[in-house]
Amino acid sequence: MTRFSTRAIQAATRVPHVNQIASAVPIYQAAAFSATDAAELGDVLTGAVHGYAYSRIDNPTTAALAAAVAELEGAESGLAFATGMAAIHAAIVSVVRAGQTIVVTNAVYGTTRDLLVRVLGGLGIAAEFVDPTDPAAVEAAIARTKAPALYVETVSNPTIVVSDIAALAAAAHRHGALVLVDNTFASPYACRPLELGADLAMHSATKYLSGHSDVLAGVAVGSRERIDAMRPILVDVGGALAPLAAFLVLRGLPTLAIRMERHTETAIDLAAWLQGQEGVARVLYPGLPGDPSHAVARRQLSVYGGMLAFELSGGRRAGQAFLDAMRLAERTASLGSVRTIISHPPSTTHRQLDEAALAAAGIAAGLLRCSVGLEDVEDLREDLELGLAAAVEAGQAK
Ligand SMILES: Cc1ncc(COP(=O)(O)O)c(C=O)c1O
């Protein structure tokens, strides 16, 4: 008979054998998986046989999430990461080496820009920023820099510009460059970049995929070859996703379609309403017939999505007054949640850009970005009315 502590350890780690299939993917909350003998452990660790050894390398719950997103994106393979940034980092460094230049569309998420300029720039990878609405200029930049990759956001953060992925991918491929697409804003319900010619698609699964603002996660999908090239970066850098986090994202996926439909329906309503309001200089939403991205969006997106932006004529002060006056929408930088979120990129996600860089990225001082949630549209309109009244007052006080 073993002694108490030994018995406690063995009793508490005896994993039940289940013959029936659970109705949800179980959370394999384990750091490691034991093999039946040394040969099996060696085979699993070297990849000779498929199996699990250590959760930084692979875990059944995180693997189930990666496979699910790959299936929704029409990809051969996927990898899950601790955050969207970990997925984006791994995707970029799997295709670009020190001494090379990556061509990047100019209105990208602020932290992606920081990753490129501050972190990868320090390691000898250069980034050249281009206008995604000018495929000829993008192609010229790829040709001139001999870039091995083009980096694009399906719908840009925060200016809601829809990139013509098919045209950009064709241009990049003419010069042998791979195409990496951050598909966070669109989600695979609205757009599947690989079907349009992209080589890798990345997600901040923190956003629409999970949908409830209660988890951080990232996913990258692509061909088996491209994803296998990213695997060592995941394993060696260590940005692995926790099993509980993977479970939370898996729980969001079955409702992705109905959430995206509802986000879109409300966003169309609010965008059209905002257009006629005092104090609003411009509304940026691809679902509006007059929007510069409307034609590309019609071709490329199955729904226009829940992200819209609008410029207040009162500038930075009006933007801040608007945020302070809202009662319902959350004042934060995230997006893709059940709750409506409004942010002021010049003072939050893009605060690292000076006035010239903001202008180059098409970000006006009075730009507000709105992630339209699932609340009742009338309540949201009333909240926007409060914000607008405060913005107009702040603008007049100038
Ligand atoms: C378009 C886009 N890509 C990537 C990220 C980074 O994702 P995460 O915060 O999960 O690292 C964000 C976060 O806001 C984003 O908006």
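Predicted model: local features only at pLDDT ≥ 70, side-chain atom pairs only at ≥ 80, totals over all residues.
Me: What does the chain contain in terms of helices and strands?
Reply: The chain has 15 helices and 12 strands.

Me: And what box does it fill?
Reply: Along the principal axes, the C-alpha atoms occupy a box of roughly 80 × 50 × 35 Å.

Me: How does the radius of gyration stand against that of a compact globule?
Reply: The two agree, because a compact globule of 398 residues would have a radius of gyration near 21 Å and the chain has 23 Å.

Me: Turning to the ligand, which residues come nearest?
Reply: There are 14 residues around the ligand, and those that come nearest are Thr 83, Gly 84, Met 85, Ser 204 and Thr 206.

Me: What classes make up that shell?
Reply: The shell around the ligand consists of eight polar, four nonpolar and two charged residues.

Me: Now the helices. How is a packed pair described?
Reply: Two figures are used, namely the angle between the axes and the distance between them.

Me: What are those figures for H4 and H9?
Reply: Helix H4, residues 84–93, packs against helix H9, residues 224–237, at an angle of about 125°, and their axes are 9 Å apart. H4 is therefore oblique to H9. The crossing of H4 past H9 is right-handed.

Me: Which residues make the contact?
Reply: H4 contributes Ala 90, Ala 91 and Val 93, while H9 contributes Met 230, Ile 233 and Leu 234. By class, this contact of H4 with H9 has six nonpolar residues, no polar ones and no charged ones.

Me: At what angle does H4 pack with H5?
Reply: H4 and helix H5, residues 110–120, pack at about 50°, with 11 Å between their axes. These two helices are therefore oblique to each other, and their crossing is right-handed.

Me: Which residues meet there?
Reply: On the H4 side they are Met 85, Ile 88, His 89 and Ile 92, and on the H5 side Thr 111, Thr 112, Leu 115 and Leu 120. The contact of H4 with H5 comprises five nonpolar, three polar and no charged residues.

Me: What about H3 and H10: left-handed or right-handed?
Reply: H3 and H10 cross in a left-handed manner. Helix H3 covers residues 60–73 and helix H10 residues 243–252; their axes come within 8 Å and cross at roughly 35°.

Me: Which residues of H3 and H10 meet?
Reply: Thr 61, Thr 62, Ala 64, Leu 65 and Ala 68 of H3 meet Pro 243, Ala 246, Phe 247, Val 249 and Leu 250 of H10. Among the residues of the contact of H3 with H10, eight are nonpolar, two are polar and none is charged.

Definitions and conventions
Residues numbered from 1 in each chain as written. Near = placed C-beta within 6 Å. Nonpolar A, V, L, I, M, F, W, Y, C, P; charged D, E, K, R; others polar. Axes fitted to C-alpha atoms, helices over the stretch in contact; angles between N-to-C directions. Helix = DSSP H or I, 4+ residues; strand = E, 2+ residues; numbered from the N terminus. Parallel < 35°, antiparallel > 145°, perpendicular 65-115°, else oblique. Left-handed = near helix turned anticlockwise from the far one by under 90°. Contact = placed C-beta atoms within 7 Å. Rg over C-alpha atoms; globule rule 2.2 N^0.38 Å.
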